[in-house]
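Open the model in your viewer and keep the selection panel at hand.

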Amino acid sequence: ATCLYDTEGKEEFILLEGDISGIQDFIYQINSPQDGMKDTAKRLRGRSFYLSLMNETFGDYCLNALNLTVVNKLWSGGGHFAILAPSTEENKRNIEEIEDKINAFLFKNYQGDLSFILGSVEFSSDKLKDFSSVLKEMGKVLDRKKKEKFFRQITEEDLIFPLKKHVCPVCGKDYEENSDICSLCEDHKELGEKLPKYKYIYKINSTEPVNSIIKFEDFYSYWDFKPEGKVITRYSINNTDFLEKPDNVHRAGFIFSGNHVPLTEYNAIKTFDELSESSEGANFLGVLRMDVDNLGMLFTLGLGEDRPDEASQSRKSISRIASMSFSLDMFFSGYLNKICEDFENLYVTYSGGDDLFITGAWNEILDVAKRINDEFYCYTGKNPELHASGGIYLCKGKYPIKRAAEHAEDALEDAKKETGKNSLNIFACNVSWYRMNEVYSFAEKLLIYLEDNKITRTFIYNILHLYKKDRTLSIPLMGKFLYSLKRNIKDEAVQQELKDMFGSLWSFAPVWAGISMLKTRK
C-alpha cells in the first residue's frame, strides 16, 4: 500500500535484495593456530553475531535512504535482506548511491574480505500473485553483480594498502593501535563473550560518536548491551516477548541468534580443547555444517501451482514467500538453541537463515545432527520434499578452525552429490537420513558386543580392510568376510545376527565401525 501511494510509473514496485558476500571466510579467518587459537570460540560467535548486526544496519540504512519504514522490509537474515520499494525516479537514483556507500565502507575497513551487492528488479502489480517469478529474475541480477564486486570503488591506487605498525595474529590484517590484537578482533571477542549473558541488545542512532561495542560510524549506527546516549531500539535476544519491562526506548523488537554455549563447573565457556576432551571415548572435536537442500528452487518453484479455489490468494504471493523465509530463520536462529540445550558439550558457532555451524564433542555432534534433522522434518509438516543435508568433520581441539570448517563444508557438498541430498556425510561416507537410525542402532549394538567381549576391535578393523577392497561385498569377498566372522566370533547367535546385518548395512561400514571404535577407544 505504501508503494502504490508513491509510485510514478507503469511498473509500481522495485524489489531490492541486499547480500553481504564473503561471510564464511570472514567468520573462520584465523591467521595463526598458535597465537590465534586463544578465545577462538568466543571470537567466532562474536563475528557471526557482528555480521547479523551489520546486515540489520545495512537494511535499516536502505530503508532510511529511501524514506521507507520497517514494514517495507520483507525479510532479513543469513547475510541478506529484501525490501519492497515504490518505483520512483528518486529511488532508482538512490539505489546506486546506497550500494556505493556500503561498499566504500567495507572496502576501507575490510580490504575486500567483505563486499555488498544490491540487486533491483522493477515489476508491476500483476506479478504480485507470482512473486516467485520476480525472485527468479532477482537471482539472475545477483549472479551478474557478484562478478562485478567493487567495480565502481576500486582504482589502481586503492589496490595499494599502506603498511601499518602491527599485524594482527588473529585475522592477519595490519593495524595502528598499540595492542596485542586489532580492535575489531577484540570487539568480536567481547561481543561473543557477552552475548549469552544478556537478554537485550540496543541500537543507538547518533551523528556523534557513541562509546559502544559495535560501531558502524558511517551509518550513524551503534550497538551495545548497556547503551550510552539516545536509545532508538531495544531488541530482545531469543525472546519474542519484547514488550516485557518497557523502558524509555522509542521502538522495541526481537532478534534471534544461535548462542548456546557449553559451560564449565566454574561457569566459564569451554574451549575447543575442553570440548574434545569431553567426548565419549576418543578425544575428538566434531564440526557440523548443515543447510536446507534446494532452497533457491523452493522459493521459485516449490510452493506449487494455484488451484481454482485459490484465485484470491496465490501460493506464490509475497506474504507466503516471506512467511516461509521467516519460518526457516525461526528454526535455525531460534529453535535450534532449544534443541542444543539438551547437550552439555556443544557450541553453536553460527546458525541463521537456512544453515548452521556447530562444534563440540564428536559424539554429541553426531547426536545433535540426527536430532536437528528429526526436528526439522516435524517442523516442515513431514514434507518429503523439504529437507536438509549435513557434513561432519572430526579433528583435534587445536586444529585450525578455518581448515576444519572447510573440511566440514566439503563433507556437506559430498552429502549433496551422491545420494540425492537429504543425507549426512561422516567418516567420508554418505548416509541417507532415513537409514541413519538403522546405522546408528547397529553401531550401538557393536558397542555392546565390544564391551561384553563378544567381538574384538581387531575383527572390526578386518571388516574395514575388506570394505576398502570392495564396497559392494561381492561374492569373492563374501568368503573372506565369512571366514573372519567364524574365526573371530565364537557365539553362533552373534555370528548369525552380524551376518544378517552386515548384508544390508555393508555400504555404511565406515560409519557404524567408526562410531563403535571411537567410543571404545581408551
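**Stop 1: Asp293**

Select Asp293 and Lys416: their side chains make a polar contact at 2.4 Å (a pair of N or O atoms within 3.5 Å; within protein, one must be able to donate a hydrogen and the other to accept it, and residues adjacent in sequence count only if both atoms are side-chain atoms). This is a predicted model, in which local features need pLDDT of at least 70 and side-chain atom pairs count only at pLDDT 80 or more, while totals for chains, interfaces and linings use all residues. Residues are numbered from 1 along each chain as its sequence is written, and side-chain values use heavy atoms, with hydrogens and water left out.

Asp293 sits in the loop between β12 and α9 (295-300); helices (H or I, at least four residues) and strands (E, at least two) are DSSP runs, numbered from the N terminus. Its relative accessibility is 2%, so Asp293 counts as buried (under 20% relative accessible area; exposed is over 50% and partly exposed in between, with a 1.4 Å probe and protein chains only). Leaving aside residues up to four places away in sequence, Asp293 touches His387, Ala388, Ser389, Lys416, Lys421 and Asn422; contact means heavy atoms within 4.5 Å.

**Stop 2: the sheet**

Next, select the open sheet of 6 strands, in the order β13-β14-β12-β15-β16-β17, with mixed pairing. Two strands pair if DSSP finds at least two bridges between them. At the edges are β13 (346-352) and β17 (429-432), each pairing on one side only. From one strand to the next, the twist averages 15°. Within the sheet, β12 (residues 285-292) and β15 (residues 388-395) pair in the antiparallel sense over 8 bridges. Show Val287 here: Tyr393 in β15 stands opposite.

**Stop 3: α11 and α17**

Axes are lines fitted to C-alpha atoms, for helices over the stretch in contact, and angles run from 0 to 180 degrees between N-to-C directions. Display Trp362, Asn363 and Leu366 in α11, which meet Ile515, Leu518 and Lys519 in α17.

**Stop 4: Ser441**

Finish in helix α13 (residues 433-451), at Ser441. Ser441 is partly exposed, with a relative accessible area of 45%. A polar atom of the Ser441 side chain lies 2.8 Å from the backbone oxygen of Asn437.
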